[in-house]
Amino acid sequence: MISGIWHMLSFARVGFVLAREGAFGLFDQSLLPPAARLGVRLARLIERRGRADGAERLAAALTRLGPSYVKFGQFLATRPDVVGVRVARDLEALQDRMPAFPRKEAVAIVEASFGMPVGEIFEEFSEPVAAASIAQVHRARLVPMRGGREVAVKVLRPGVRERFMADLSAMRFGARLAQRFLPDMHRLRPVEVVETLARSVVMEMDLRLEAAALSELAENTRDDPDFRVPAVEWDLTGRDVLVSEWVHGLALSDLAGIEAAGHDRVVVGRAVIQTFLRQALRDGFFHADMHPGNLFVAPDGRLVAVDCGIMGRLGLRERRFLAEILYGFITRDYRRVAEVHFEAGYVPHHHSVDDFAQAIRAIGEPIHDRRADEISMAKLLTLLFEITALFDMHTRTELVMLQKTMVVVEGVARNLDPKLDMWSTADPVVRRWIEENLGPLGRVADVGRSAREVGGFFGHLPGLLTRGERLVDDLERMARDGVRLDAPSVEAIGRAEARGGRTAAVALWAIVIILAMIWFSL
């Protein structure tokens, strides 16, 4: 009860800041129920005047709310199915930049992590060179005894775990309320969205896991001629500190510098697309934050990716799904694209394959025989998510993250080469993966995997039979005697029902209080 009131007060503050900065003006009110439309109109009465740009308004609101909400905004930029294409595009411009904390605090964290003075580790240790919501980076040089190499030192922001955990608790509460009282939200799975964010943030706040991601990505791409990641200094990496090789190169946003250094922008653009597709299809493990600030061109022309705090994973089933869809679009085989969706179970079988193929054609045809700069990704995404709703497709978090990362990667490549042809660039990577995994060699590998699975099943068969026998006995006893609940179970059910009623009452009263606060502040 008390925690519910506390969360509601937190939401009141969030709502006031969003209203004051004009963020509610970005939402399409025609999609909201009447009560919500009234709330939005009241909220807009107190918005600050003079901010015309949607991205600026959102950035101002989320930055005022703190690091947790900046990270949440960046995460929602990957979910246009949840917030809408327009808001997602505005959130893409949100930069995870926060004021740096003092160098002496970073030094104290480093010394506490390794149990020795910073001077025994680093010969040089700079002021912060970049600061974000979770951590900041310093440029440093190891002492000669440790090799004297130039390194990047990433230090976790003090108190960030406690702040994020408190804010995530409030977000979970809000997601449960939305899912309970707004039936249309079930398809978008708000609770799952918040839990995905929570898992991502928890992993980002343990820098050992980011180091492991760097190591895994390096192992997967060690034979790639056009891509690498910085090496990790494992002896100097802990939960709150990550030390890795300092990257000498040019950020992909520095187009003039890339040209001056003699690099071919068209080649680099193709490498960005093909590197990402190799990671997603071949390895099932991809860098999910490939914006220009995280990608560099090294002097030897190779791409170097940094900041592996956000990574995506795809199982073999999802990779096959992705490859067949991409290849279907490339070859304009929309019937096969539709069949793949049904085979994967993403579209309920009561829908027509032919109808879905027709809808897929509406997505594919407008983007063929056109350069990337002639394609409106906003219109494409809008159509895509309208179709997913029309055919009752539940959102798959890993696929939405992949799709959004593809949009970011394409934008980076387009900035390098405005005439980039996405389909011809993707074709060799997709075609090779399909030949190796869905062709004859892939079928042989499937047979081997299936044989191992069957062998494992027969190995567990005796135990399964024993448990099955027990289950049948239990069902027979329940059919004969009925299901009995002991007194503690009955009391627990009563308490749960009472809590549910109180939560509904708190929610309704909180809405009244929030509207009253907005009204009286006029």
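These are my notebook entries on salt bridges and charged side chains in this structure.

**Entry 1: the model.** I am working with a predicted model. I searched the whole structure for salt bridges and got 27. I reminded myself that side chains of opposite charge can pair when their charged atoms come close.

**Entry 2: Glu 245 and Arg 228.** I looked up this salt bridge and found the closest N and O atoms 3.1 Å apart. The pair links distant parts of the chain, with Glu 245 in strand β5 (residues 241-245) and Arg 228 in strand β4 (residues 227-228). They are 17 residues apart.

**Entry 3: Glu 365 and its partners.** I found a salt bridge between the side chains of Arg 332 and Glu 365, at 3.8 Å from N to O. This pair also joins distant parts of the chain, 33 residues apart. Arg 332 lies in the loop between α13 and α14, and Glu 365 in the loop between α15 and α16. I then saw Glu 365 meet Arg 361 in a salt bridge at 4.0 Å. I noted relative accessible areas of 30% for Glu 365 and 43% for Arg 361. Arg 332 is at 34%, so Arg 332 counts as partly exposed.

**Entry 4: Glu 324.** I located Glu 324 in helix α13 (residues 316-331). Which side chain does the side chain of Glu 324 meet in a polar contact? I found Arg 336, at 2.9 Å. Glu 324 also touches Val 337, Val 340 and Leu 438, among residues beyond four places away in sequence. Last, I traced a network of salt bridges linking Glu 324, Arg 335, Arg 336, Glu 339, Glu 343 and Asp 354.

How values were computed:
Residues are numbered from 1 along each chain as its sequence is written. This is a predicted model: local features need pLDDT of at least 70, side-chain atom pairs count only at pLDDT 80 or more; totals for chains, interfaces and linings use all residues. Side-chain values use heavy atoms; hydrogens and water are left out. Helices (H or I, at least four residues) and strands (E, at least two) are DSSP runs, numbered from the N terminus. A polar contact is a pair of N or O atoms within 3.5 Å; within protein, one must be able to donate a hydrogen and the other to accept it, and residues adjacent in sequence count only if both atoms are side-chain atoms. Contact means heavy atoms within 4.5 Å. Buried means under 20% relative accessible area, exposed over 50%, partly exposed in between (1.4 Å probe, protein chains only).
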